[in-house]
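Visitor: Please take me closely through one part of this model. I would like the strands and how they pair.

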Amino acid sequence: MTRTLVIGFGNTLRGDDGAGQLAAARIAELHPDLTCFSLVELTPELADTMSVYDRVVFIDASVGIETLRWHVLRPSVERTQPRSHALTPGDLLQLTIELFNSAPQQVELVEIPASQFGFCEEMSIHTRSMIENFVGLFGETMDLHAGDVAYLVSAHVSDSSQSVIPSTAN
Amino acid sequence: MAILTLTINGEHVSGKDDESLLDIARQHDVHIPTLCHLDGLSDVGACRLCLVEVEGQSKLFPACTTKPQEGMVIRTDTERLKKYRRTIIELLASEGNHQCAVCVVNNHCELQNLAYDVDLQYVRFPYLYPKKELDATHEDFVIDRNRCVLCTRCVRVCHEVEGAHTWDIAGRGIDCTIIADMNQPWGTSASCTSCGKCVRVCPTGALFEKGQTVAEMEKQRDFLKYIVHARQKREWVAEQIEEE
Amino acid sequence: MSNVITIEPVTRIEGHAKITIQLDEKGEVRDARFHVNEFRGFEKFCEGRLMWEMPGITSRICGICPASHLVTSAKAGDDILAIGIPETAEKLRRLMTLGQWVQSHALSFFHLSSPDFLLGFDSEPAKRNVFGLMEEHKDFIRRGIRLRKFGQEIIELLGGRRIHTPWAVAGGVREPFDEERKARLLAWIPEAKETARMALDVLKKIHEQYAHDIPNYGNFRSLYVGLVSDDGGLEYYGGALRVRDGDGNTIADKIDPRKYYEHFGERSESWSYLKFPYYKKLDYSRGMYRVGPLARINICDYIETPLAEAERRIFKAIAGDVEVMNNSFYYHYARLIEILFAVEKIEMLLNDPIILGENVRAKAMINKREGVGVCEAPRGVLFHHYWVDSDGVIKKVNMLIATAQNNLARNRTVRQLAIQYLDGKKLTDGMLNRIEAGIRCYDPCLSCSTHAVGQMPLHVQLVDAANNVVDEFTR
């Protein structure tokens, strides 16, 4: 049984920026057995939490893209400089591996297209539909072993875009 | 009273001639969204969420106030209806000041649930941000008109069940507003019995108990069925209501 | 002819700020300013809402210390209701306040500040961060993360997992505590204590290593302001205000927090949205005060827990005869003493049977037209002041926030560092690093006083009198 942790993050009071949180909340509704966090930002203690899971899926809002991007994060990602209390998923993966010695087999980053960041709780139509799109696709990856998800996702990564939408789970 | 047969979404069903289309649909497990309707109160067809299509008629009919006719063919879930329902919720959202994040009924709100039901993705209309009154003059309760959707449940329960008729509607169109007595602070109302029925039936956080904090208020509405049953049938049986 | 050097924005603090260093005709530092360019207007949009909603609204001011705003807002509500809250509720609020301290202080020390010390102020910026630290100080960072998790868990177990919890309310808290959660938190205590001790050992070595640098980190006399308990002990939730000067004289004591505005004023400057609070009994130029860990340890007479009290005595010995530490670098030491205190005190609170009481919320009507809530947030004393009508509708709000109260002292610190380390008209990494580190002593959180924006690279400009950019780089 794959132990899966879903972490959606962003600010729900800034329009589309809350896409990650909403997506995680939707997954929590549909899959009550999963651990799903909806967070304002990523904080270092998540590294400790992550270390006991097989698969971790980060969901964030992203500007300048039209469709979902679904990456497999590799541990050898370039180190970025955390400038603030907030960290990136790559930072957290790095922390988990180096400090807690048992990293998840598979860490994914899902970027949801976002365009409007006004002071409101609503999201744009495109962002909302992309969230639903992702939630559906995520369901299809649920029963897979972490390694198979990696195959599924990486098999679809094109060199130019580094993005993927897994079509079906077979 | 007569039994009639009609068709709802292609299924043949039967119902009594003194029931509404909404009653009959519910008896047959057909879900029609509602907002102003509440079991135990008269129906006014105000919110238009329960509109249904009737074959042979170009206009739409509110299921809560429409009586069945023999051979009627009804559809409750066409794309056109879904579109209209979404639009209604969008208009409600843009016409008031609905800030779920800091509302007393967050997660227990009928308007919020309807928004989920109709798959509300985005409000296409500009928010009006109207300047509305919050009246906290009553000793126990508050009316925050920012969150009012003018369903008039409070007006009806106060008039029909409590018999006080404290609440009424003033103004027209966009200026419509719920008022106490002669448009005066609630706390100064001579007719209000402070029974709290209006607070319980309110679908949003417009009416709430003083001292409640964010996401804390859950409204129990079952009392209404019990009271109405007791009054009409002269039977005081909680169990029977629960079974229903 | 004068030059202006601008550092924008400062990294590894919350929010968004820039620094300008004003040079005179001779090229020497005339003044240094820490600007806050964001504006939020939280106080304004609370008007017209109900007093009971305020904890839920104001805890959204900040994603870093929501629990402090929550508790402070609830206390302002208690004051308007004019009631005493149940003992259990007070203990639970205290527990949450300390959880906030542990969580916030751990982040400030282990993540944001320690890379400066352990890797050196002149080390490569790209490596001078928590990742650069992992190569040699893995256990240190791991423990820091775990300590922060402990603080976070206290807040989550009390108020629910979501960060903006409306758990504390006017009159008490919404839910009682229970055995299961108590046991979960107690299990953390040994590890947390050990981490706090270890951090103190590390810091003491840092003090030796940087003995030469430390005197330049905001080393000047100022006033110190904060809460102390009724008999002068370190306080974080109740008690009254004390003002002590840089020579160790207590110049005001047992000030009712409700009367804070009689003692503290605020001045606006055209170049910053963040106001400049000062102690009114002295004039603006002499009324500069510091709040937060350094101030709290400076003003208290003792700490009620044994391990932290032993450290406080060492702290006082370093301060010398005046028994007041005037050097902002010692914010770090004070912060670690407070972590140790918080862990010890959390253990005491958890073991107090009253914490499991069922009676946690008192109810009352609006009994006063204004109320003040006060609490020691991680960064310093925090005030919420509400004016309401007879029905509890908010008429006016004033919040006095720690980061603002340290505003004058923080500017002074930047100036001192600039004078010490600016060499000619070139911006060196070493100087910029030290200025940033000087600001981080105060662990400023600008999202609270203004508005949090995302992260941007460090942009530095050196501009001469004719507005020509003579030196510039982006990190």
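Guide: B:Asp135 stands opposite B:Ile143 in β7(B). This is a predicted model: local features need pLDDT of at least 70, side-chain atom pairs count only at pLDDT 80 or more, and totals for chains, interfaces and linings use all residues. Residues are numbered from 1 along each chain as its sequence is written, chains are lettered from A and ligands numbered from 1 in the order in which they are written, and side-chain values use heavy atoms, with hydrogens and water left out.

β6(B) pairs with β7 (residues 141–144) of chain B in the antiparallel sense, over 2 bridges. Strands here are DSSP runs of E, at least two residues, numbered from the N terminus; helices are runs of H or I, at least four residues. Two strands pair if DSSP finds at least two bridges between them. In chain B, 3 strands form an open antiparallel sheet, ordered β6-β7-β10. Its edge strands are β6 (134–135) and β10 (207–209), each pairing on one side only.

Now chain C. Strand β13 (residues 380–388) has 8 of its 9 residues buried. Buried means under 20% relative accessible area, exposed over 50%, partly exposed in between (1.4 Å probe, protein chains only). β12 (residues 370–377) of chain C runs antiparallel to β13(C), joined by 8 bridges. C:Gly371 has C:Tyr386 as its bridge partner.
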